[in-house]
Structure formats: C-alpha cells, structure tokens
Amino acid sequence: MQVTKYAHSCLRLEHDGAVLVVDPGVFSDPAALDGADAVLITHEHPDHVDVAALTRALERRPVPVHGPASLAGVLGDAAEALVTVEPGQSLTVAGTPVRTYGGQHAVIHPDIPVIQNIGYLFADVVYHPGDALFVPDDVQVDTLFAPIHAPWSKFSEVLDFIRAVAPRRAYALHDGLLNDNGFGVLDRQYTAMSNTDYRRLEPGTRIDA
C-alpha cells in the first residue's frame with residue numbers, strides 16, 4: 001500500500017491497483033480525488049469534506065462515498081453516492097479490507113452538539129481516526145495518522161492516544177491550522193515523547209505502508 005499525505009486530514013491510499021481517498025476537505029488539494037475508486041469520510045465538518053469538490057469529482061467519475069449517516073445532511077446531490085457505515089464493521093472498499101471504529105467526534109465544547117465520526121483502519125495497517133482519539137483494541141496498528149492539533153484537543157491527550165495505540169510509526173494528521181512556530185513546538189514534543197517513530201509529512205509526500 002502507498003499512502004500520500006495531503007494537507008490537513010486528507011490521505012490518498014493506493015492498494016492493489018485501487019485508489020481510496022480519505023477526508024478530502026477544504027484545506028486539501030482537490031486533485032487528491034483524481035482517479036479515486038472510493039471516498040471515505042470520517043465526519044461532516046468542511047475541513048474533512050469539501051462538498052463542492054467532491055460533487056465535481058463524482059460528476060466526472062461516480063464512485064461510492066463511505067461515511068456516517070449524518071453526512072447525508074451536508075452532501076447535497078452527492079448524498080446519492082453515500083454508503084452508510086457504522087463503528088464495528090468489517091468491509092471491503094475497492095478491494096481493500098477496512099475496519100471501522102469510534103462513532104463520535106471528540107467534544108469541542110459542551111455547548112456544541114457531538115456529531116458522528118468514523119475511524120478507518122485499512123488492511124489492518126493504516127489507521128485514520130478522524131476527529132476522535134478512539135483506540136482500537138482488537139488489532140495492532142502499524143501506521144497511525146494522529147490528529148496532532150484541533151480546537152477539541154490538547155497535547156497530553158493526543159500524546160496518550162499515540163502511546164495507547166502503540167504503532168510502529170506515527171505521522172501527523174489534522175495540522176492545517178498550524179504555522180511554522182506550532183509545527184516546531186509540536187514536532188519536537190511528539191518526537192521526544194510519543195514512544196514511537198513520529199514524523200510530520202509535507203503535503204504531497206508519499207510513503208509505503
């Protein structure tokens with residue numbers, strides 16, 4: 001499997017000739033969707049799904065869009081492509097085994113309603129948790145993409161999440177709101193304290209998984 005990290009929370013995975021795109025949001029490059037065989041969305045926030053870009057991509061090439069049922073309320077015409085998923089499922093998406101986890105977005109503030117969020121584990125190797133810190137307890141994750149910065153998170157919680165998942169390696173995810181100062185501070189802290197091989201990838205970087 002080859003994984004390309006796009007800006008913020010977007011990943012493009014290539015596996016056995018198929019292309020899966022996760023969380024193509026408004027901070028990422030719409031080109032991530034080119035040639036996709038399936039799209040998986042963790043939740044409805046615009047930094048995880050750019051509805052306009054997704055709609056244009058589906059007009060060019062209709063493919064299934066997997067995600068929680070709440071996505072139907074924001075997808076507009078693209079909702080026709082929605083394949084609803086729930087936590088605890090094992091499914092095959094464009095030939096790739098996928099497990100689903102979690103169910104709820106992390107709490108941003110008690111005054112803000114909690115929405116649905118699905119984390120995805122691809123081929124029992126690559127885990128994208130979306131906006132939640134749900135730890136899979138039925139598999140040893142090899143490659144974790146960890147949401148390192150968000151209005152709902154703090155460093156200690158994300159650090160403990162990485163340690164609890166205990167992957168062979170971890171890469172930064174959900175970093176689109178940071179500047180160079182923030183990158184410097186968090187990269188140093190996560191590298192020193194996460195107990196794994198932690199790195200942050202520049203958008204467009206491709207790795208083998």
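So, strand β12, residues 169-173: both of its faces are covered, with Arg169, Tyr171 and Leu173 buried on one side and Ala170 and Ala172 buried on the other. That's 5 of its 5 residues buried, where buried means under 20% relative accessible area with a 1.4 Å probe on protein chains only, exposed means over 50%, and partly exposed is in between. As a reminder, in a regular strand the side chains alternate between the two faces of the sheet. When I say strand or helix, I mean DSSP runs numbered from the N terminus: E, at least two residues, for strands, and H or I, at least four, for helices.

Quick housekeeping. This is a predicted model, so local features need pLDDT of at least 70 and side-chain atom pairs count only at pLDDT 80 or more, while totals for chains, interfaces and linings use all residues. Residues are numbered from 1 along each chain as its sequence is written, and side-chain values use heavy atoms, leaving out hydrogens and water.

Back to β12 and its partners. Strand β11, residues 143-147, runs parallel to β12 and is joined to it by 5 bridges; pairing here takes at least two DSSP bridges between the strands. Pro147 sits opposite Leu173. Getting from β11 to β12, the chain goes through helix α3, residues 155-165, in a right-handed β-α-β crossover. Right-handed here means that, with the strands pointing away from the viewer, the path from the first strand over the helix to the second runs clockwise.

Then there's β13, residues 197-199, which is parallel to β12 with 3 bridges. Ala170 has Tyr198 as its bridge partner there. The chain passes from β12 to β13 through helix α4, residues 180-193, and this β-α-β crossover is right-handed too.

Now the core. Which residues have the most contacts inside the largest nonpolar core? They're Val3, Leu13, Tyr120, Phe122 and Phe145, in a core of 22 residues. By nonpolar core I mean buried Ala, Val, Leu, Ile, Met, Phe, Trp, Tyr and Cys residues joined through side-chain atoms within 4.5 Å. Among the elements giving two or more residues to this core are β2, β3, β9 and β12. Phe145 touches a number of residues, including Val3, Tyr171, Ala172, Leu173 and Ile207; contact is heavy atoms within 4.5 Å, and I'm not counting residues up to four places away in sequence.

Next, Asn117, in strand β9. Asn117 is buried, at a relative accessible area of 1%. What does the Asn117 side chain make a polar contact with? The side chain of His43, at 3.0 Å. Asn117 also reaches the backbone nitrogen of Asp131 with its side chain, at 3.0 Å. A polar contact is a pair of N or O atoms within 3.5 Å; within protein, one must be able to donate a hydrogen and the other to accept it, and residues adjacent in sequence count only if both atoms are side-chain atoms.

Pro68 is in the loop between β5 and α2, and Pro68 is buried as well, with a relative accessible area of 1%. Leaving out residues up to four places away in sequence, its contacts include His43, Ile118 and Tyr120. Pro68 and Tyr120 are 52 residues apart in sequence but 12 Å apart in space, C-alpha to C-alpha.
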